[in-house]
Amino acid sequence: MGSLEQAASQLSLQIEDYLRQEKNDIACFRMTITNVNLLAWLKARRTYPQFYLHFRDENKSLAAVGQVRLFSQLNLAQAFIEEYNFPIIGGLQFQGNGQFILPLLLLEENENTTTISCFVEDKTSAQTALEQLKTLPKTTALCVLPKQIPLYTEQRANKQMWCDWVNQALYEIKQGELTKLVLANETVFHLEQAINPYDFLAESEHQNQGCYHFLWAEDPHSTFVGSTPERLFAREHNLFLTEALAGTAPITTDPKENQQQAEWLLNDEKNLNENWLVVQDISQNIHSMVESFDVSEVELKPLRKVQHLLRKIRANLTAHYRDSALLQLIHPTAAVSGLPQQQARMILSEIETFDRGWYAGTLGLMSEVYAEFCVAIRSAFIEGNRIRVFAGAGIVEGSEPLSEWKEIERKASGLISLFAENNNGEKECL
């Protein structure tokens, strides 16, 4: 099993051979090495875009830098996969804008080994790859994240404005325009010290377990990071796995109180209905592409600050499935937007005073055999001394504005508590 140094040497020799042959077609050079810390490796890189994903249910991670091909349209990314059988990483923003890339370097860690793939398509990208390989062995140690007292904090919606937003959503629901609307808030923290996004995500991986952990940086000035409990879908050949994650109760330091909250959540009609609406939405959206559709009994998904209702969904896809079609059909789900889908997104654009961008979008990987995407919630943009944290709540008939305010604060605290001094779970956003 090789090391990063050996990989850099051997991959460089292969690319130099590619250049000598004066080829002008797309190629992939691979080598398997012993595991390295992918976040520490990514922290040392100065090439963009950068991508990182730690999978939720498997001991598997991937990191990528640079781009050989860029696809803003899903159908073009899908066509590329079908022609070349190479993996594509990236995703869709909340409103559906796509960004998928064939990276220059892709490191895939699975159990005890890491596979390095280097993609080139012409002389220029091959020369760029050779330059990148010179620094391939370099890693930068991950550091403990210092706690800070924010200099000041801004909110898109304060408590009163949030209650007005919720009441507006409840009015639309009462009028029959909607059955559900998922409202979100953005809180901006201005700090004395810049936050390192790699250290931040490493700390989140340690504390926020049972999640996907992701990082997406198009340039060095803004890095989108998060630790999400929610899968959009995973596909292996024609086996399709998705889920409904909706309905929330708090988690505290008191096990007895947590058990009481769990029992309440499992029997609360409002939360059970909110979760079932997501199941129905997914079922309706993909029914034309599946041969079977099985929904599990409702269960709990406990996290560090909150617990959710979860229904797992398992389906067998028809022979004509494509990941591009699946993404377009189910993103964004009713868990992050509302129902009916088109009406919900229109009303959100009228109520919310900010652009969600990548928040509540989806990020992942797709290839011929396998694809997996997470829902990019419990997330933030790190921009030097500023961090923008997002959290949302599903509004249905029976929702109470102040309860929903407390819910988004608990959800946001999963990330805020990583950097904010004197965190007590619910006061950081006030």
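Me: How far apart do the end C-alpha atoms of residues 159-411 lie?
Reply: The model is predicted, so local features need pLDDT of at least 70, side-chain atom pairs count only at pLDDT 80 or more, and totals for chains, interfaces and linings use all residues. Residues are numbered from 1 along each chain as its sequence is written, and side-chain values use heavy atoms, without hydrogens and water. The span is 35% helix and 37% strand, where helices (H or I, at least four residues) and strands (E, at least two) are DSSP runs. Its end C-alpha atoms lie 15 Å apart.

Me: What distance separates the centres of domain 1 and domain 2?
Reply: The domain assignment, automatic or from a database, gives domain 1 (3-136) and domain 2 (152-216 + 229-417). Taken over C-alpha atoms, their centres are separated by 29 Å.

Me: How many salt bridges does the rule find across the interface of domain 1 and domain 2?
Reply: A salt bridge requires a side-chain nitrogen of Lys or Arg within 4 Å of a carboxyl oxygen of Asp or Glu. The side chains of Lys-43 and Asp-199 form such a bridge, at 2.9 Å from N to O. Across the interface of domain 1 and domain 2, the number of salt bridges is four.
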